[in-house]
Amino acid sequence: MLAGFFQLFPIASDQLHGQYDLRLVILSWLVAVFASYIALDLVGRLRDTSNTKADILFWLVGGSIAMGAGIWSMHFIGMLSFTIPGLTLRYDLFWTGFSLLVAVLVSGFALYLLKAATLNLMHLLVGGVILGLGIASMHYTGMGGMLITLNIRYLPNLFFVSILIAIFASEAAIWLALKSNQIILKMRNRIKLISAVIMGVAICGMHYTGMAAAIFTPLCGNVAGVGTLDPTVLSMSVAAITFVILGVAYFASAYKEASNQQKLETARQLGMAEVAASVLHNVGNVLNSLNVSTNILSEKVNQSKMQSLNDLRTLMHEHKDNLGDFIAKDAQGSQIPRFLDKLTDHWNEEQQAMSGELGMLTKNIAHIKDIISTQQGFRGVKSMEHVIQINDILQEALLITGLDISREIRVEKDYAHLKPILIDKVKMLQIIINLLANAKEAVRASSKPDKLIMIKTSLNDSKTISIEVRDNGVGITPEHVKKIFSYGFTTKQTGHGFGLHMCALSANEMGGSLRVKSDGVEKGATFIFEVPYRIPAKL
């Protein structure tokens, strides 16, 4: 059996040699690059945190067909580029179709693997091996569909080298698919294109190594047969259908991206409106405190015992000619020193109380100034990258949400020592404000007397920063956790369902991620926001 598949004996002297049409070889590489780019783009669509189950199924099935058709087409065009002088190569319809089915199935497996939120090294290794074996199976199944008056055997060394190339190419494809969707948006397309070129070279390398492993020798008899397709018609059909499928996939993905950007802009504008509303609300609270302080000061001034000095002045005026005898000998006059002692004590008490209220007034006025200054600075910053300190951004968010002076809610901070990073300040501040505002509402709605919000920053590795916002509020049901980032989904009676969706999209644009954990109702929730740890070169 092995002797019928592998070239185990010396190569016969009647071996036939073929030749390649360079134009079709280049075309096969271009198809591989285009298919790889579409596959990388589809991975981003499939890993979109706002996807519903229907969206995931749509991108999984559609992506499998597009990616599978692209990979298969590259191999088939590569086979069509190969000719043996004097022979017409034809292909069996069944085995040709079966090789396409194999390509679609292995593509579906790869996309299903990549849709998971987190992947470990074992997923990457096993997935690459299975995908590589699947691609190799597709190639050699397609080779088996060649209906020619030839015998085909394979050189074992090149055969296994082609399989190893397929596995390594698959490992690289999976890794590049993950990494190309984890960087900031403005660099994403550039990295995808570079990755697609690399993947195209790897896929072609596997195909042409497999073709080099084939040894063709004459076979008696004619296998012209039924159900075959002419190579010219087949090549035109394959090229046309492939580019149509890949084009549809590209435009579907582009439409989804444009839709995401439109939703993101809408959500961002609403987020800005919420920030403004939060600023007004917090300023209103501080103004209430100012009103209380001014009322207390007014009351103390009106009821001050220092007004008794007027009576004392009148009395002393009446006895100015004999003031010494009046204080020394008169019963009423002798009370003046003790009266002054008590009045001094009252004055000290009133001064201390009024100083405290004036201190509160000064603090609250400064707080209003800080809130307005922060909000104006927030409005003035364009959506571009800045060098910022994470702790400063968190403090600004606490200031805008009013949590920095809240007496009802306790805020605990656990900040790691992090260097300033280069990041989009507007997007980051909007995300943190949204998470803190949600946590504030969650703890207020809870029946627990101890209302707590914890903020933690940490360096996961040398590449990512994690910001956790944890509360002990009302919690999230398992059903809601699955769709918490979906567009339009909300658990609030007055919510619009754009906030967390905007946060998830913004985090993705920044090359980061946003996820949530909750053990259920009244068990709180933890939102984990991760961003790249990009330190400016000068630091």
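**A helix, a sheet and a crossing**

Modeller: Let's start with helix α15, residues 499–509, which lies across β13 and β14 and runs at about 135° to β13. Keep in mind that this is a predicted model.

Colleague: Thanks! What is the order of the strands in the open sheet?
Modeller: The order is β9-β11-β12-β14-β13, five strands with mixed pairing.

Colleague: And which strands stand at the edges?
Modeller: Those are β9 (410–414) and β13 (513–517). Each has a single partner strand, so one side of each has no neighbour in the sheet.

Colleague: How does β9 run relative to β11, parallel or antiparallel?
Modeller: Parallel, with five bridges joining β9 to β11, residues 452–459.

Colleague: Which strands does helix α13 touch?
Modeller: Helix α13 (residues 425–445) packs on the sheet and touches β11, β12, β13 and β14. Its direction makes about 20° with that of β12.

Colleague: Switching topic: at what angle do α3 and α5 pack?
Modeller: At about 40°, with the axes of α3 (residues 53–80) and α5 (residues 121–144) 11 Å apart. That angle is why α3 counts as oblique to α5. Their crossing is right-handed.

Colleague: Which residues make that contact?
Modeller: From α3, Ile71, Trp72, His75 and Met79; from α5, Ile135, Met138, His139, Gly142 and Met143.

Colleague: How many of those are nonpolar, polar or charged?
Modeller: Six are nonpolar, three are polar and none is charged.

How values were computed. Residues are numbered from 1 along each chain as its sequence is written. This is a predicted model: local features need pLDDT of at least 70, side-chain atom pairs count only at pLDDT 80 or more; totals for chains, interfaces and linings use all residues. Side-chain values use heavy atoms; hydrogens and water are left out. Axes are lines fitted to C-alpha atoms, for helices over the stretch in contact, and angles run from 0 to 180 degrees between N-to-C directions. Helices (H or I, at least four residues) and strands (E, at least two) are DSSP runs, numbered from the N terminus. Angles under 35 degrees count as roughly parallel, over 145 as roughly antiparallel, 65 to 115 as roughly perpendicular and the rest as oblique. A crossing is left-handed if the near helix is turned anticlockwise from the far one by less than a right angle, and right-handed if clockwise. Contact means heavy atoms within 4.5 Å. Ala, Val, Leu, Ile, Met, Phe, Trp, Tyr, Cys and Pro count as nonpolar, Asp, Glu, Lys and Arg as charged, and the others, Gly among them, as polar. Two strands pair if DSSP finds at least two bridges between them.
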